[in-house]
Amino acid sequence: MQLLQYIIQQTQISEKSVKNTISLLNEDATIPFISRYRKEMTGNLDEVQIGEIVKYKEAFEGLEKRKKAILKALEEQNVLTVELSQKINITKDLITLEDLYLPFKKKRKTKAETARLQGLEPLAKMIMSQRVNDLEHTASKYTSKEVKTIDDALEGARFIIAEWINERTDIRNNIRRELERYATISSKVIKTKKDDEKAQKFKDYFDWNESLNRIPSHRLLAILRAENEGFIRVKIEIDKERVLLKMEDRIIRTQNECTTQIELAIQDAFKRLLFPSLSNEALSNAKEKADEAAIIVFTKNLKQLLLGAPLGGKRVLAIDPGFRSGCKIVCLNEQGNLMHNENVFPHAPQNQSFDAIKKISSLAEAHKIEAIAIGNGTASRETEQLIKMIQFKNEIEVYVVSEAGASIYSTSKIARDEFPNYDVTVRGAVSIGRRLQDPLAELVKIDAKSIGVGQYQHDVDQTNLKKSLDTVVESCVNTVGVNINTASEFLLSYVSGIGPKIAENIVNYRNENGSFTSRTTIKKVARLGGKAFEQAAGFLRIKNAKNPLDNSAVHPESYGLVDKIAKDLNKSIADLIGNKEILQKINLQKYCTETIGLPTLQDIISELEKPGLDPRAKAKVFSFDATIKTITDLRIGQLLPGIVNNITNFGCFVDIGIKESGLIHVSNLSDTFVKDVNAFVALQQQIVVKVLEVDVARKRIQLALVK
């Protein structure tokens with residue numbers, strides 16, 4: 001099967017769109033570039049559709065690579081027939097491919113191999129012919145120094161038969177179907193671990209049984225984590241008797257002395273070879289699906305978090321709160337550069353609140369602070385109350401910012417390179433302040449797994465997770481666009497076509513030559529050739545450039561077209577920008593060519609209306625209920641303000657201003673059926689919740705969505 005046919009079959013996308021997308025991918029075009037600037041070629045495919053093409057392209061290429069390796073191995077063994085070669089070449093999936101290869105796979109020393117070396121294969125063939133009447137007499141001919149008795153001869157023959165049965169594709173597929181339809185997964189607590197404190201969070205699975213094909217992804221991952229941590233044992237089970245009967249129906253053709261030996265071989269093949277292998281495969285497939293579901297949840301959450309509302313270019317005083325160690329304060333300018341840092345000790349045991357208020361008030365005035373960002377960790381609520389007591393000379397907005405991953409960033413190489421002369425406390429506080437100014441620019445520096453918006457992110461396939469998260473980060477960075485004169489090296493590395501090395505070169509060029517004044521000067525960066533420029537230019541912004549299009553998402557390849565439109569209207573490009581009345585009257589059909597169609601022209605007009613518009617919302621001030629400081633302050637029926645801080649397939653978690661987040665289960669999100677949690681809530685959304693249940697011992701809070 002050809003690559004093109006395979007992808008069309010899997011995605012149901014038109015042949016032209018798939019063909020052109022493959023061509024662009026083979027030319028090293030990125031998903032954001034293809035989606036944004038090659039709409040005519042792809043038939044206006046979005047990033048998700050292009051991502052699907054990439055996924056199936058990689059799967060097909062992986063399958064083809066494995067086919068070549070198998071064909072080569074079979075040729076070397078001199079066992080490759082025309083028929084087998086044809087079967088391998090038309091195979092569409094890895095499981096079927098591996099089943100075809102199984103009989104020829106080099107095996108470690110098995111019971112069947114030992115029996116063959118003892119000369120028992122002819123006896124096995126006779127038994128499988130099911131035509132031997134005096135089996136004991138026939139078997140006696142195969143006794144020897146190594147095969148001492150008739151029973152030993154029959155047992156060895158059965159080992160060989162069991163291996164043949166194990167290699168039969170039809171038998172394996174029948175058992176696979178049984179596992180797919182009827183397998184159950186059960187778990188039992190290991191008695192010695194029953195009272196272990198760490199095991200209590202898995203208490204629900206101490207005695208659990210459920211259909212494998214219906215188990216939700218989060219539950220399967222929780223069960224597998226409990227097993228990995230040594231608290232429970234997990235079993236996969238099917239109706240063994242039914243499977244054995246089906247196998248006998250396929251294999252046994254007559255009733256004679258051979259029948260008993262074949263029945264015993266079937267039982268041995270099932271117990272020792274087939275079921276262990278295929279039940280592991282079934283569990284692995286279920287885990288793969290659970291991984292995929294968990295990764296989808298994580299990527300959705302990450303995208304919402306990265307595209308969270310930025311405060312923008314305002315001066316920020318950021319506080320990393322604490323009790324004994326004090327509160328670390330940093331002052332940042334509009335670009336997020338550190339202007340000042342120091343410690344205050346307003347809380348126990350020092351209780352120097354008066355001095356802290358005086359110092360914060362003085363710093364706010366001295367550095368013309370416009371907003372305050374408080375980390376949401378230890379002492380956050382107390383610090384927020386302290387700040388609200390201060391009478392600032394100018395109006396200052398106060399925000400509570402998630403600290404998730406800040407400690408990871410503060411000890412990272414990126415942070416050390418940014419602030420070589422400051423300790424981790426200063427770096428952490430800076431990160432909190434910058435997250436308020438621009439969440440995307442700051443969060444890309446942190447390993448996404450540490451941001452705290454995933455579902456069992458440490459349990460899923462790490463390679464697939466990283467690939468998916470990198471794709472999301474790349475998508476978000478290119479959706480927003482990047483100011484090439486202020487962006488960090490790390491942020492630049494996610495721009496389409498750039499990567500770490502060119503990003504480093506851009507920063508070096510900036511340091512040596514000053515700010516970029518136009519997009520054309522970007523070409524002067526070392527190793528940033530024509531292809532990289534083509535992929536990156538539309539996503540890089542230059543504020544206050546001579547050509548206003550340099551601060552827009554209009555690609556330089558379309559500058560000539562915009563110039564023509566302006567000339568036809570007897571206007572300058574600057575006259576067009578923001579002039580919705582003129583732009584709406586332009587007859588776009590007049591400017592369509594073989595390569596530029598309405599989708600690109602409509603994008604250009606939208607960009608001219610609002611050039612460089614940040615697609616993200618604006619940051620909103622939020623306050624928790626001041627009376628709720630710990631889980632013991634909660635009462636059933638209370639209505640509380642909260643912020644959604646994680647979304648899963650089974651509901652969402654809400655920060656209500658205390659250490660523990662509360663859960664709104666899907667059943668408490670709406671009176672109607674909830675198919676997708678994201679249809680009802682979004683990450684960082686400010687909501688009102690009702691307290692339904694509080695389990696202080698297990699630190700669990702059940703909530704319902706009010707509004």
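The lining of the second largest pocket is made up of 16 charged, 12 nonpolar and eight polar residues (Ala, Val, Leu, Ile, Met, Phe, Trp, Tyr, Cys and Pro count as nonpolar, Asp, Glu, Lys and Arg as charged, and the others, Gly among them, as polar). The model is predicted: local features need pLDDT of at least 70 and side-chain atom pairs pLDDT 80 or more, whereas totals for chains, interfaces and linings use all residues. Numbering runs from 1 along each chain as its sequence is written, and side-chain values use heavy atoms, without hydrogens or water.

The volume of the second largest pocket is about 1900 Å³, taken as the space filled by probe spheres set on grid points joined across faces, edges and corners. Its lining comprises 36 residues, of which Glu52, Lys55, Glu292, Asn464 and Ser468 are closest to the centre. A pocket here is an open set of points on a 1 Å grid over the protein atoms alone, where a 1.4 Å probe fits, with protein on both sides within 12 Å along at least five of seven lines; lining residues have an atom within 4 Å of a point. Two or more lining residues come from each of α5 (47–76), α7 (94–101), α15 and α22 (462–480), and α15 has the largest share, with 12 residues. Helices (H or I, at least four residues) and strands (E, at least two) are DSSP runs numbered from the N terminus.

The largest nonpolar core contains 164 residues, among which Ile165 and Met247 have the most contacts inside it. With 19 residues, helix α15 (residues 257–306) gives the most to this core. Such a core joins buried Ala, Val, Leu, Ile, Met, Phe, Trp, Tyr and Cys residues through side-chain atoms within 4.5 Å. Beyond its neighbours within four places in sequence, Met247 is in contact (heavy atoms within 4.5 Å) with Ile165, Ile171, Ile175, Ile266, Phe270 and Leu274.

The whole structure holds 12 aromatic pairs; rings of Phe, Tyr and Trp (its six-membered ring) pair if their centres lie within 6.5 Å, with planes under 30 degrees apart counting as stacked, over 60 as edge-to-face and the rest as tilted. Tyr6 and Tyr56 form an edge-to-face pair, because their ring centres are 6.4 Å apart and their planes stand at 75 degrees. Since Tyr6 belongs to helix α1 (residues 3–11) and Tyr56 to helix α5, the pair ties together parts 50 residues apart in sequence. Tyr6 and Tyr56 are both buried (under 20% relative accessible area; exposed is over 50% and partly exposed in between, with a 1.4 Å probe and protein chains only). Ring pairs join Tyr6, Tyr56 and Phe60 into a cluster.

The peptide bond between Ala348 and Pro349 is cis, with omega about 5 degrees, and Pro349 sits in the loop between β6 (338–344) and α16 (353–366). Asn351, not a glycine, has a positive phi of about 55 degrees and is also placed in the loop between β6 and α16. Arg527, likewise not a glycine, has a positive phi of about 70 degrees; its place is the loop between α24 (499–513) and α25 (530–536). Arg527 is exposed, at 63% relative accessible area. Most residues other than glycine have a negative phi, and most peptide bonds are trans.
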